[in-house]
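Colleague: Hi! Could you walk me through the charged side chains in this one?
Modeller: Happy to, let me bring it up.

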Amino acid sequence: MKYLRLKKQADFQRLFQKGKRASSATVTVLYNKSQNTTMGISIGKKHGKSVQRNRIKRLLREAFRAAQKDMQGAYSIVLVPKVREEYSVKAFERDLRCIIKKEKL
RNA sequence: UGAGUUUGUUAUACGGUCGCGGGGUCGAGAGACCAUGAGGAAAGUCCGAGCAGCAUAGGACAGGGUGCCUGAUAACGUCAGGCGAGGGUGACCUUAGGGAAAGUGCAACAGAAAUAAACCGCCGUAAGAGGCUUGGCGUUCGCCUUGAUUGCCCGUUUGGGUAGCCCGCUUACGGUAAGGAUGGAAAGGCGAGGUAAGAGCUCACCGAUAUCUUGGCAACAAGAUAUGCCAUGUAAACCCCACUCGCUGCAAGAUUGGGUAUCCGUCAAUAGGGCUGUCCGUCCGACGGAAUACCGUGAAUAUCGCUUGAGCUUGUCGGCGACGGCAAGCCUAGAUAAAUGACCGUACACGACAGAACUCGGCUUACAGACAAACUCAAAUC
RNA sequence: UGGGGUGUCGCCAAGUGGUUAAGGCACCGGAUUUUGAUUCCGGCAUUCGUAGGUUCAAAUCCUGCCACCCCAG
């Protein structure tokens with residue numbers, strides 16, 4: 001099961017305005033039902049300089065790739081990481097799996 | 001061995017599994033396979049250029065920038081070599097370094113005075129007021145005391161006149177720039193002569209300026225001669241001089257921007273009427289419309305610009321060098337919520353600063369370390 | 001990505017190159033009061049974001065950095 005990248009600005013706007021929210025210690029998830037599974041990451045300047053931001057995105061993407069296997073339906077999703085001291089794939093993956101289970105995606 | 005100076009290189013490496021960006025091949029498609037994929041600063045956005053749009057005959061004014069010389073370059077505020085100045089024992093380092101005699105402004109406080117010879121002072125001349133007392137020692141001379149303690153004449157109790165004297169005092173005129181607590185700066189410095197007192201007034205040395213000669217493309221340097229020396233600082237104050245500059249930026253700019261029906265406009269054709277020209281009405285066809293309705297939908301979008309370029313590597317030649325010429329070879333990210341990661345193993349020095357966004361040339365700033373070369377100083381030994 | 005602006009005491013801020021860098025609020029100490037508030041008096045910037053330079057002298061002029069803010073489809 002592959003996921004597509006969420007690229008359009010309008011899609012992001014729609015999710016931020018109308019999407020359902022679920023959050024954990026490390027990450028907030030916005031989602032909506034759709035035809036294919038699409039995923040985007042929203043990350044701002046508060047997370048650090050560009051190297052730091054790229055690092056977070058890579059880790060989140062890797063965690064989502066692993067956690068996606070638990071999902072049943074197809075959704076468009078935006079992941080918003082929270083500002084922390086340290087980031088790790090394991091923490092992201094655990095929280096994502098937890099949210100998927102709880103929201104029954 | 002220790003302390004340093006300058007320049008350059010490098011920026012974890014290798015293997016396995018899963019995954020990402022755009023590209024190629026195969027495939028109807030799902031997908032499979034192949035090679036490839038961040039930096040020395042990609043950063044800051046401080047300069048310069050290409051490229052694009054707009055403006056523009058040419059010139060002048062205004063405004064901005066640069067500012068020792070010569071060269072390099074597409075260009076630069078960059079770089080190279082040199083000159084001057086400053087710093088360091090030295091290797092070496094730093095340097096916005098044109099013009100103050102075109103003009104204007106500013107220079108607090110302090111100081112006699114701040115760009116200008118006024119004041120104090122010093123010296124000379126003239127005038128004026130005043131003082132030279134009481135005295136002591138002593139041999140008449142003389143000595144002490146005083147800023148100066150005298151002589152002659154008249155008178156003789158006090159005194160008056162005249163001359164002299166006071167490193168004295170006051171005023172006026174003149175000479176002077178040695179001295180005057182300051183200050184960043186006081187009309188070259190220092191010494192000697194000289195003078196009424198002084199003064200480059202004169203002289204030696206140092207400094208400055210001008211001219212000449214020699215060397216150098218030049219900035220400039222060296223030497224000689226002359227001038228007693230026209231005169232503070234500030235132009236990163238206005239300004240003057242020389243050179244130079246259109247404005248805006250890839251969010252530039254270019255292309256595309258659906259379908260059906262209706263309506264409107266234009267063109268051509270046909271038929272009819274108003275006799276020509278031409279005008280009016282009807283039907284069909286083509287083109288156009290940022291007009292309306294419905295469907296569709298992404299328009300802050302899609303495609304191009306977008307990576308072959310003042311390109312990179314190697315060799316060779318020219319040049320002190322920046323750099324340039326020639327030859328051969330190479331193609332090396334192109335995304336757009338934006339691609340390099342995760343896990344495992346091995347090695348060690350245990351991995352810094354940090355992520356392309358139109359492209360180049362510089363500058364500046366950040367950076368764990370590791371390595372190489374040249375050179376300097378100090379100490380010791382031979 | 002491009003363009004523009006601001007940094008002065010804890011906060012809001014003034015400041016022609018020249019005195020010890022104005023003020024206001026807050027804070028601290030004292031006076032007044034039985035105690036508070038008010039009022040009065042006094043204190044509070046070893047340096048103007050930072051590093052250099054020009055100048056006799058820099059918060060002010062020049063250059064490089066740092067931080068923050070705003071605007072542009």
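Colleague: Is Lys 8 buried or exposed?
Modeller: Lys 8 is exposed, with a relative accessible area of 55%; buried means under 20%, exposed over 50% and partly exposed in between, with a 1.4 Å probe and protein chains only. This is a predicted model, where local features need pLDDT of at least 70, side-chain atom pairs count only at pLDDT 80 or more, and totals for chains, interfaces and linings use all residues. Residues are numbered from 1 along each chain as its sequence is written, chains are lettered from A and ligands numbered from 1 in the order written, and side-chain values use heavy atoms, leaving out hydrogens and water.

Colleague: Thanks! Switching topic, how many salt bridges are there?
Modeller: The count comes to four, a salt bridge being a side-chain nitrogen of Lys or Arg within 4 Å of a carboxyl oxygen of Asp or Glu.

Colleague: Which residue does Arg 65 pair with?
Modeller: Arg 65 pairs with Glu 62, their closest N and O atoms being 2.7 Å apart. Arg 65 is partly exposed at 48%, and Glu 62 is partly exposed at 36%.

Colleague: And what does Asp 70 meet in a salt bridge?
Modeller: Asp 70 meets Arg 97, at 2.9 Å from N to O. That pair links distant parts of the chain, 27 residues apart. Asp 70, Glu 93 and Arg 97 are linked in a network of salt bridges.

Colleague: What about Arg 94, where does its bridge go?
Modeller: Arg 94 bridges to Asp 95, with the closest N and O atoms 3.9 Å apart. Arg 94 is exposed at 56%, whereas Asp 95 is buried at 10%.

Conventions: Helices (H or I, at least four residues) and strands (E, at least two) are DSSP runs, numbered from the N terminus.
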